Amino acid sequence: MRKRWTVFLAMAMIFLFGATSLAAKTLTVYVTYDAAEAKIIISQFEKDTGIHVKWVRMSSGTTLNRIRAEKEHPQADVWTGGPSDSYVTAAEYGLLEPYVPPNAKNIPAKYRDPKGYWNGIYLGIIGFATNKDYLAKMQKKNKFFGPPTSWMDLLNPYYRNNIQMPNPGSSGTALTIVSTLIQIFGWDKAFDYLKMLDRQIQLYTEHGATGGTSAGLGQCAIGVIFGQDILHRIYEKHYPLILTFPKEGTGYEIGGTALIKGAKHVKEAKTFINWMLSKRAQDLWAKTGFFHFPTAVGATPPKGWPPLEKIHLINYDAKWTGENRDKIVNTWTKEILEKRKK
Amino acid sequence: MPSMLYKLGGNVVNTEAKEKRDFFFNLAVWLLIGSILLFVVYPLAYIFIEVFFPEGMPTLRLFGEILQRHYFIRGFINSVKVATVVASLSVVIGYLFGYTVTRVDITRRKRKIFDLLATLPILSPPFLLALSAVLLLGYNGLITKGLLGITDFSIYGFKGLVIVETIGLFPIAYLTIKGTLQSIDPSIEDAASSLGATRWYVFRKVTLPLSMTGVANAFLLTFSLSMADFGNPMLLAGSRFPVLSVQAYFQITAQFHIDKGAAVALLLLLPALAIFFIQQKIIHSRSYITVTGKPSSLHPQPHSKLAKGILVTLCIVVLGIVAVFYATVLWGGFTDIWMINHVFTFKHFAYIWEAGREYLFDTLILAGIATPISGIIGIFIAFLIIRTKLRTNKFMEMSTMLNFFLPGTVVGIGYMLAFNRYPLLLSGTAYIIILNFIFRYIPVGIRSGISILLQIDPSIEEAAMNLGANRMQTFRKITMPLISPAFFSGLVYTFERSLTAISAIVFLVSPSWYIFTVFILDELSIGRIENASAAVVILFIIITAFIWLAKFVTRKMGEIPTEIST
């Protein structure tokens, strides 16, 4: 028995002190878009370049915290996907290494950081997901009734207590929505609008895209979420939804990609970033089933998107959003959420 | 008994050898304390530094900011409210099942089915119950809208959380209470009965008081689990009904304030600690020694038809509700598109096999390594706490418990902060996940171990010691076989928790070691309910197989004391 305990102790020793992290010989990537999507894109990258990639999918908040905690000993080389305002914050914390790849010429300047801290690889545009069955029901009462095409349409009494949107305290999508409204209407008017909208809101969801599922399942009439999430629900899930955009203008997230400061495989990381900005890589957005809109000029957009000229896109300021995240979230929580009765 | 004396008697003369072997016992204790310091206290220290020393100077600024916010105060009240109601309901339902299974003269088959189904809710990631609740009782729920035609019923908030958490947590109360009821010496109840006491009187005056340790432990466990629960409120509480665990998580993951998130989570500790101390007082204030030999496992006694009818009906009603919740999930896994196209399909399972296979294997390997280590450490600490007077006992109990009470998010962040630097650079390795599993779920083994040990007369162990056995031998040959039921309930639970853990692990996964539940959460957050359901069905099968195996082994182990005495 003594022998057995000695073996156990020896094992414990090895377990406790033998823990050395092996430096990986391959590129390590933190991915913030969908895992199924990442599989398609990364395997294509591996095929194209022969570089082996280890990757893991995490939400943007988790990734940012992770990179922040790993600041002294970075575990990953590249961060890809997730809204650029998170990248703005990451750059503020000194977690990113600027890099302007040759293929940046494919990308319009407004979808890139001027200093090269991050580069845009896709767009996610805020839209309305409206349940078709609900529309049909309402059209029986009022034949002129159609899906909402403006922010003001959301205040229609037919939608009272029937709209879901995410909570900016927990969702990057919601931050984009609120920031969009502020950038269109100005700070005070935007919050006046949000207070009126509050009456229409059934639930502020924690995840960005939950409202789309709820609308698809008929739990509510409208979900205010990203357009690509709506298209995913229409074409992949066959939910009875219609995608529309507000005519006053709508905001968008720019999905970023960036080189992590202190990366161990800088060369491979730069190859990856450059490759992500190529037309070839961005043509894949149409094939993954997640409907991200490509940033590269000439890349094929996925089905279901209207031509970009048909959508009134504002000049969305992601940098301002990232820098004012606290102020936006705190004001919204204080003025809207904490005063909410239901 | 005579042969036992003979076997252990061989060591009596050699006290020197005994002392030498006690050296290993002491070494084990010190190694344990070292590990606890390193993997419980050290990461937490980083959290405290983050909250109270954000710029190197001690400050209460963060705590003050949190307390000023109406929203967090509401979160605090909500968390305590939900935990209290959930723990009370869980204990009542757990006792109902524990008593019916161990005491009522129902058929063997019924007993088996009750036992099996009452542990069912333990078997799946908690957020799936919430999903099921939304699909059944949501605005467009199968029951609410489909069957009853109600559209203004809201499952979100207090009601939904209480329903879902009670379903998810009563099995833990049941397992704890059952373990205690099984180890009460039946001759006491028999004596009361033969002296003319009615069943009801025996229950009130004998069974219930003797099982109060189990009740107290069950309440403690379910209360703290409800407080720290994160998966269910994530879907059901939301912004309408803020609870602290979720608010802490979002402070960190959505608003990027690690410091504030940690401060919010520390708020969770206060009520949990208060409950913990109350329980300590209850457990230690009375003597519950009733076992003088091998505990009997079952002791059914005749009950009146009415009592039996009521108990069985109540059990069936509860199990019916559980069954509906789980059937919904199963149905979801085999349905093409939920609420849109209810065609039977295997395609979600094919998808999980294709996309999630690697994650599943990783998870099984990590949980498989962590489970036995955690189980052994847990029972060993329980033994130390109850049977020795080491000065470090209190520290061990408190510190391991602390890790259990804290929301996983905080523990995860603590690990992330503490083990990403020398001397212990564990970030990105399997070790960080395994260690998190081990040290997070030790209290389960400790609690159930204590609950049983309190009822085993120490004189059995003392006899072994007097006859020359050292402490390690005593623990292995005497204590361990007696407490094996508790040991395995701890083991099964640890494995289950490891397979379904999410809130801490989400910060610790790495490209080399990914976890199945994080994959399920990804599926859920994009709204692929059917895939998530399929994944949970797979997890369900694995855990069921493990429980079956554990029961088989327990039965084998339960035979050991018989072998010694013959």
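**Burial, contacts and cavities**

Mentor: B:Ile337 counts as buried because its relative accessibility is 6%; buried means under 20% relative accessible area, exposed over 50% and partly exposed in between, with a 1.4 Å probe and protein chains only. This is a predicted model, in which local features need pLDDT of at least 70 and side-chain atom pairs count only at pLDDT 80 or more, while totals for chains, interfaces and linings use all residues. Residues are numbered from 1 along each chain as its sequence is written, chains are lettered from A and ligands numbered from 1 in the order in which they are written, and side-chain values use heavy atoms, with hydrogens and water left out.

Trainee: Which residues does B:Ile337 touch, not counting those up to four places away in sequence?

Mentor: Contact means heavy atoms within 4.5 Å. With that sequence limit, B:Ile337 touches A:Lys237, A:His238 and A:Tyr239 in chain A, and B:His342 and B:Glu530 in chain B. B:Glu530 is 193 residues from B:Ile337 in sequence, yet their C-alpha atoms are 7.0 Å apart.

Trainee: In which strand is B:Ile337 placed?

Mentor: Helices (H or I, at least four residues) and strands (E, at least two) are DSSP runs, numbered from the N terminus. B:Ile337 belongs to strand S1 of chain B, residues 335–337. Chain B has 25 helices and 4 strands, and 63% of its 566 residues count as buried.

Trainee: How many residues does each chain bring to the contact between chain B and chain A?

Mentor: Chain B gives 71 residues and chain A gives 68. Buried area is the accessible area (1.4 Å probe) that two parts lose on being put together, summed over both. Here the area is about 6,500 Å², with 60% from carbon and sulfur atoms. B:Arg240, B:Phe256 and B:Pro511 supply 11% of what chain B buries against chain A, more than any other three residues.

Trainee: What lines the largest cavity?

Mentor: On a 1 Å grid over the protein atoms alone, a cavity is a set of points where a 1.4 Å probe fits but cannot get out; lining residues have an atom within 4 Å of a point. The largest cavity is lined by 46 residues, and A:Thr32, A:Arg57, A:Ser59, A:Ser60 and A:Gly208 lie nearest its centre. Elements giving two or more residues to this lining include helix H2 (35–49) of chain A and helix H13 (244–253) of chain B.

Notes:
1 Å grid on protein atoms, 1.4 Å probe; cavity = no way out; pocket = protein on both sides within 12 Å on 5 of 7 lines; lining within 4 Å.
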